[in-house]
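Subject: Structure handover

Hello,

Here is the structure for you to look through. My notes follow below it.

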Amino acid sequence: MKALHFGAGNIGRGFIGKLLADAGIEVTFADVNEVVVNGLIEKNEYPVKVVGEECVVEMVTGVTAINSTSPEVVNLIAESDLVTTAVGPTVLKIIAKTVAQGIEKRLENGINTPLNIIACENMVRGTSQLKAAVFELLTDDIKAQAEELVGFVDSAVDRIVPPAEEGEENPLAVTVETFSEWIVDETQFKGDIPEIAGMEKTDNLMAFVERKLFTLNTGHCVTAYLGCLKGHETIREAIENPEIRSEVKTAMEESGEVLINRYGFDREAHAAYIEKILGRFANPYLVDEVDRVGRQPIRKLSENDRLIKPLNGTIEYGTSNDTLLKGVAAALKYKNEDDPQAVELQQSLEEAGIRKTLAKYTGLSEDSKEAIQVEALYCHIN
């Protein structure tokens with residue numbers, strides 16, 4: 001079985017690419033980073049340091065790579081059984097043209113075996129969004145054939161993969177936490193579903209997408225933004241601050257009430273899931289900077305992302321949200337001159353004020369009680 005994986009960054013190598021290679025699948029990474037691409041072509045392997053109670057280095061073998069701008073990528077898509085991505089929401093739109101060309105080439109070549117495409121991104125139903133972008137570029141005839149032979153499979157992914165450790169000289173080396181979760185929508189596959197250890201199948205993906213978004217992602221960014229206000233540099237430092245830990249836990253409990261109401265999650269099981277995530281944030285072997293987690297605050301404040309989507313759920317079900325609102329206020333306080341979104345956010349706050357900025361980026365009404373409460377919190381938290 002052949003797989004083409006877009007994105008040879010830390011998540012691509014340390015998570016999805018590793019699971020595919022470990023399953024005996026022939027993996028080719030597509031990326032623009034020439035150092036990484038050339039290294040994979042030369043060595044056909046790379047080390048993954050898995051850190052938890054113990055530190056274990058596992059070698060991923062039998063892989064290669066290609067520059068994602070190469071015309072040959074189109075041929076690889078045509079020849080593959082599986083295409084996966086870990087490139088980020090912005091780049092996902094960019095690769096749509098290449099994916100469309102690969103599907104066209106595949107059908108032109110008379111290949112009638114199924115192709116499944118899975119976007120493994122930190123976003124809600126990213127593969128469906130990729131499909132929409134791809135189908136905009138296809139003729140009606142090709143679309144009809146693709147609907148029969150190409151599966152666009154949504155997924156939920158969860159693994160903390162920090163930047164390379166300081167002093168690491170091997171550009172292919174990557175560090176990951178022990179925990180990983182890759183859940184796919186089994187109803188969207190075409191043909192047989194591949195057996196890949198670590199890939200879980202479900203017919204109710206949105207429950208798991210929102211569980212991860214409302215818990216790990218919400219907790220992670222609240223930790224980062226509160227940590228920034230207190231002068232902490234890493235997620236571990238921030239979560240070890242008892243005050244921050246308490247508030248992060250409360251924020252995840254508030255978002256958890258939405259999940260319990262919406263999907264019938266078991267309350268005790270979800271409480272245990274929250275504790276597991278708090279433990280992951282405190283992993284002594286993961287050096288994850290608050291600025292990495294907090295960057296792109298405008299995206300994180302958007303209506304369907306990790307702060308506002310659970311907040312809207314609390315409004316829908318009439319449950320408490322005081323700490324989620326504090327997380328939103330802390331996000332508005334985030335400053336990073338190296339992050340264009342953070343700069344834009346601060347300019348908007350200065351020019352338009354808190355409530356108009358909230359309305360612009362979150363979809364909350366500037367006259368809503370939530371916006372008024374965020375404004376009050378913004379003026380007092382530090």
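**What was found**

Thr 127 is placed in helix 6. Helices (H or I, at least four residues) and strands (E, at least two) are DSSP runs, numbered from the N terminus. This is a predicted model, where local features need pLDDT of at least 70, side-chain atom pairs count only at pLDDT 80 or more, and totals for chains, interfaces and linings use all residues. Residues are numbered from 1 along each chain as its sequence is written, and side-chain values use heavy atoms, with hydrogens and water left out.

Thr 127 is buried, because its relative accessibility is 0%. Buried means under 20% relative accessible area, exposed means over 50%, and partly exposed is in between (1.4 Å probe, protein chains only). Areas come from the Shrake-Rupley method with a 1.4 Å probe; for residues, only the protein chains shown count as cover. Thr 127 and Val 176 are 49 residues apart along the chain, and 24 Å separates their C-alpha atoms.

**Strands**

Val 176 belongs to strand 10 (residues 174–177), which is covered on both faces. Val 174 and Val 176 are buried on one side, Thr 175 and Glu 177 on the other. In general, side chains in a regular strand alternate between the two faces of the sheet.

Strand 10 runs parallel to strand 3 (residues 45–51), and four bridges join them. Two strands pair if DSSP finds at least two bridges between them. Val 174 in strand 10 is the bridge partner of Val 48.

Strand 1 (residues 2–6) is largely enclosed by the rest of the structure, because four of its five residues are buried. Strand 1 is joined to strand 2 (residues 26–31) by five bridges, and the two run parallel. Here His 5 has Phe 29 of strand 2 as its bridge partner.

**Salt bridges**

How many salt bridges does the rule give? The count is 24. The rule asks for a side-chain nitrogen of Lys or Arg within 4 Å of a carboxyl oxygen of Asp or Glu.

Take Glu 147 and Lys 131 to begin with. Their side chains meet in a salt bridge at 3.2 Å, N to O. This pair links distant parts of the chain: Glu 147 is in helix 7 (residues 140–149) and Lys 131 in helix 6 (residues 126–135), 16 residues apart. Glu 147 is partly exposed at 34% relative accessible area. Lys 131 is also partly exposed, at 25% relative accessibility.

Next, Lys 309 and Glu 210. Their closest N and O atoms are 3.0 Å apart in a salt bridge. Lys 309 lies in helix 14 (residues 308–317) and Glu 210 in helix 8 (residues 205–229), so the pair ties together parts that are 99 residues apart in sequence. Are these two residues buried or exposed? Both Lys 309 and Glu 210 are buried.

Then Asp 367 and Arg 355, whose side chains meet in a salt bridge at 3.9 Å, N to O. Asp 367 sits in the loop between helix 17 (354–362) and helix 18 (369–380), and Arg 355 in helix 17, so this pair ties together parts that are twelve residues apart in sequence. Asp 367 is exposed, with a relative accessible area of 60%. Arg 355 is partly exposed, at 26%.

**Surface charge**

A patch of negative charge lies on the surface. Its residues are Glu 233, Glu 237, Glu 289, Asp 291, Glu 337 and Asp 338. Patches are made of residues with over 30% relative accessible area and no salt bridge; like charges are joined within 9 Å, nonpolar side chains (Val, Leu, Ile, Met, Phe, Trp, Tyr) within 5 Å. Lys and Arg count as positive and Asp and Glu as negative; His and the chain ends are not counted. The place of a charge is NZ of Lys, CZ of Arg, CG of Asp or CD of Glu.

Asp 291 lies in helix 12 (residues 290–294). Asp 291 is partly exposed, with a relative accessible area of 35%.

**Backbone and loops**

Arg 125 is not a glycine, yet has a positive phi of about 50°. Arg 125 lies in the loop between strand 7 (115–119) and helix 6. Gln 296, also not a glycine, has a positive phi of about 60°. Gln 296 is in the loop between helix 12 and helix 13 (297–300).

Best wishes
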